[in-house]
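Welcome, and please open your viewer so that we can walk through this structure together. Keep the selection tool at hand.

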Amino acid sequence: MARTAIVTGGSRGIGAAISIALRDAGYKVAANYAGNDEAAQKFKAETGIPVYKWSVADYDACAAGIAKVEADLGPIDILVNNAGITRDAPFHKMTREQWNEVIGTNLNGVFNMTHPLWNGMRERKFGRIVTISSINGQKGQFGQANYSASKAGDLGFTKALAQEGARVGITVNAVCPGYIATDMVMAVPEKVRESIIAQIPVGRLGEAAEIARCVVFLASDDAGFVTGSTITANGGQYFA
Ligand SMILES: NC(=O)c1ccc[n+]([C@@H]2O[C@H](COP(=O)([O-])OP(=O)(O)OC[C@H]3O[C@@H](n4cnc5c(N)ncnc54)[C@H](OP(=O)(O)O)[C@@H]3O)[C@@H](O)[C@H]2O)c1
């Protein structure tokens with residue numbers, strides 16, 4: 001029986017690449033998204049992967065959404081916490097809303113998705129939790145006190161929960177991408193993008209598919225001895 005995976009923010013950017021790579025590796029995949037119906041429907045039409053709309057920032061919506069996915073596809077074995085947002089501002093200009101939105105999606109969202117799935121994984125003695133953190137959670141970034149805090153929090157969560165999952169067949173790992181050519185990065189002004197590329201030793205942005213391949217490995221049955229770890233995939237920009 002093929003295992004079932006859910007990818008949050010799985011219809012665009014890195015998440016879309018992860019959904020497709022997991023499908024190609026033989027998994028049943030559900031892709032969650034927040035609000036961009038047009039992109040989600042296009043993704044579904046092109047890939048055949050079902051899409052499910054709810055916000056990971058809302059615990060009850062996560063529990064209900066997960067129940068719907070499990071009714072459609074069966075128990076979820078693999079959770080990829082990929083949904084993430086930025087609301088950048090230097091700290092003296094950062095609003096409470098900017099802080100709360102980013103923590104609500106990037107950190108609380110990881111709790112909100114993992115918590116309703118945890119007991120099922122424990123009972124079935126198998127689970128794979130993979131969270132997409134960021135290079136900026138490892139090194140910090142000017143203008144991203146909120147984002148860096150949320151992504152560093154994801155790494156603490158990963159290391160703590162890995163200890164709880166180890167005896168019941170659940171691995172908990174993270175991937176820290178560097179700068180990847182997605183909407184999030186392509187939205188920054190070209191000059192800023194050029195200065196980012198100048199800081200990447202391999203001399204280019206990463207591809208979403210390169211992050212997806214890390215996730216496919218961590219999600220596999222073969223990766224059962226890898227837990228509490230972080231794969232850093234940033235073109236040599238920062239050695240954590
Ligand atoms: N791009 C990079 O260079 C980079 C680097 C390091 C880490 N990351 C991390 O990688 C992940 C994916 O980034 P990306 O660049 O692929 O982002 P993206 O292109 O902006 O796509 C973000 C995805 O997350 C979904 N999403 C946002 N808020 C959500 C919510 N509250 N509930 C459910 N889904 C939500 C979006 O849904 P809609 O389509 O409905 O908007 C979209 O599918 C993020 O966690 C990001 O922090 C990215």
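How much space lies in the largest cavity? About 40 Å³. This is a predicted model, so please read each stop below as a description of that model.

**Stop 1: the cavity**

The structure holds one cavity of 30 Å³ or more. To find the largest cavity, select T8, V56, N81, N82, A83, T105, N106, G109, V110 and M113, which line it. Now colour helix α4: five residues of the lining come from α4, the largest share. Sorted by class, the lining has four nonpolar and six polar residues, and no charged ones.

**Stop 2: the sheet**

Next, switch to a cartoon view and look for the strands. Seven of them form an open sheet, and going across it you meet β3, β2, β1, β4, β5, β6 and β7 in that order. The pairing is parallel. At the edges you will find β3 (51-53) and β7 (230-233), each of which pairs on one side only. From one strand to the next, the twist averages 20°.

For a look at one pairing, select residues 4-7, which are strand β1, together with residues 28-33, which are strand β2. These two run parallel and are joined by four bridges. Zoom in on T4 of this pairing and you will see K28 in β2 standing opposite.

**Stop 3: two helices across the sheet**

Go back to helix α4 and select residues 96-124. Helix α4 lies across β1, β4 (78-81), β5 (127-132) and β6 (170-177). Relative to β4, helix α4 runs at about 170°.

Then select residues 145-165 to bring up helix α6.

**Stop 4: the largest pocket**

By class, the pocket lining has 19 nonpolar, 22 polar and five charged residues.

**Stop 5: a salt bridge**

For the last stop, show the side chains of R12 and D183, which form a salt bridge. Their closest N and O atoms are 3.0 Å apart. R12 sits in the loop between β1 and α1, while D183 is in helix α7, so this pair links distant parts of the chain, 171 residues apart. The count of salt bridges comes to nine.

Conventions
Residues numbered from 1 in each chain as written. Predicted model: local features only at pLDDT ≥ 70, side-chain atom pairs only at ≥ 80, totals over all residues. Heavy atoms only, no water. Pairing = 2+ DSSP bridges. Axes fitted to C-alpha atoms, helices over the stretch in contact; angles between N-to-C directions. Contact = heavy atoms within 4.5 Å. 1 Å grid on protein atoms, 1.4 Å probe; cavity = no way out; pocket = protein on both sides within 12 Å on 5 of 7 lines; lining within 4 Å. Points joined across faces, edges and corners; volume = space filled by probe spheres on them. Nonpolar A, V, L, I, M, F, W, Y, C, P; charged D, E, K, R; others polar. Salt bridge = Lys/Arg side-chain N within 4 Å of Asp/Glu carboxyl O.
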